[in-house]
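Here are some notes for a colleague who is opening this structure for the first time. Please keep the sequence and the model side by side while reading.

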Amino acid sequence: MTMKVDIRKLSFINEMAKVGTNGVADNMSKLTGEDAQMEVTKTNFIDVDDIESQLEPGKRVGVRVRLLDPPHGHILILFPEASAKKITAIMLRDVVDDMSDVSGKMARSAVEEMGNMMASGFIDGWADVLGRAIDIAAPQLVYAPAGDIVTRTASLGGDDLALFFDSDLTVPSYQIEAEIYAFPDLAEFVEMVNGIEVQPA
């Protein structure tokens, strides 16, 4: 299947990435009380077989969220293990005095909740731009080497290509790192992008 994006709409894909990550930063700012910033450093279409070579090594903790409405597909929110520990501390700071008492189940729940908040912020941004509601399934917790998670998620859609965002999240006092990957159904996504009206300059 050949999918061609109207060249006038390429900037719109970057805008989708920007709006989505702004939604993530807004939700993180509300949670931490600090001005979180999330910057998209790269947006491109990449061959699924080449994804692993683009990733930093090491295990990740995070959530996979399935979109129940167009453009369907999945969103991944992943944290390096050190960031996941910081997230656990943030999420549980009003509940637990001694973090050494936190169980594995409680820590996983905290990361899952944070990932879900970030995914919701990202998808809400997309929904605003596209002018449509996008419902999501319950988030699925993932923990494995980054390449395994991302390649597995990309392959769920059955496309040879995936839409790949590189993004950096910064919360000044916490230095939390997060990675976001979006794997929409490419045929639906391209159709939606090409259907967007381009305003004359």
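The numbered points below go from the overall fold to single residues.

1. Basis of the notes. This is a predicted model, in which local features need pLDDT of at least 70 and side-chain atom pairs count only at pLDDT 80 or more, whereas totals for chains, interfaces and linings use all residues. Residues are numbered from 1 along each chain as its sequence is written, and side-chain values use heavy atoms, with hydrogens and water left out.

2. Overall fold. The chain has five helices and six strands, where helices (H or I, at least four residues) and strands (E, at least two) are DSSP runs numbered from the N terminus. Read from the N terminus, these elements follow the order α-β-β-β-α-α-β-α-β-β-α.

3. Among contacts (heavy atoms within 4.5 Å) between residues at least 6 apart in sequence, 76% join residues at least 24 apart.

4. Annotated span. The unreviewed UniProt entry carries the annotation "domain: CheC-like protein" for residues 106–143; UniProt positions are given in the numbering used here, feature names are shortened, and annotations may be inferred rather than shown by experiment. In the model this span is 66% helix and 11% strand, and its end C-alpha atoms lie 15 Å apart.

5. The salt bridge. How many salt bridges does the count come to? The count comes to one, a salt bridge being a side-chain nitrogen of Lys or Arg within 4 Å of a carboxyl oxygen of Asp or Glu. Arg60 forms a salt bridge with Glu179, and their closest N and O atoms are 3.1 Å apart. The pair links distant parts of the chain, since Arg60 is in strand β2 (residues 59–66) and Glu179 is in strand β6 (residues 179–183), 119 residues apart. Both Arg60 and Glu179 are buried, and for Arg60 the relative accessibility is 4%. The side chain of Arg60 also reaches the backbone oxygen of Pro57 at 3.3 Å, and the residues that Arg60 touches, not counting those up to four places away in sequence, include Leu78, Phe79, Val142, Tyr143 and Ile149.

6. Two further buried positions. His74 lies in strand β3 (residues 74–80) and counts as buried because its relative accessible area is 13%. Not counting residues up to four places away in sequence, His74 touches residues including Arg64, Thr153, Leu156, Tyr181 and Phe183. Ile51, in the loop between β1 (37–47) and β2, is buried at 0% relative accessibility.

7. Helix α5. Which residues of helix α5 (residues 186–194) are buried? They are Leu186, Phe189, Val190, Met192 and Val193. These residues are on the same side of α5 because they cover an arc of only 160° around the axis, taken from the directions from the helix axis to the C-beta atoms. At the start of α5, a side-chain oxygen of Asp185 reaches to within 3.2 Å of the backbone nitrogen of Ala187.

Note on methods:
Buried means under 20% relative accessible area, exposed over 50%, partly exposed in between (1.4 Å probe, protein chains only). A polar contact is a pair of N or O atoms within 3.5 Å; within protein, one must be able to donate a hydrogen and the other to accept it, and residues adjacent in sequence count only if both atoms are side-chain atoms.
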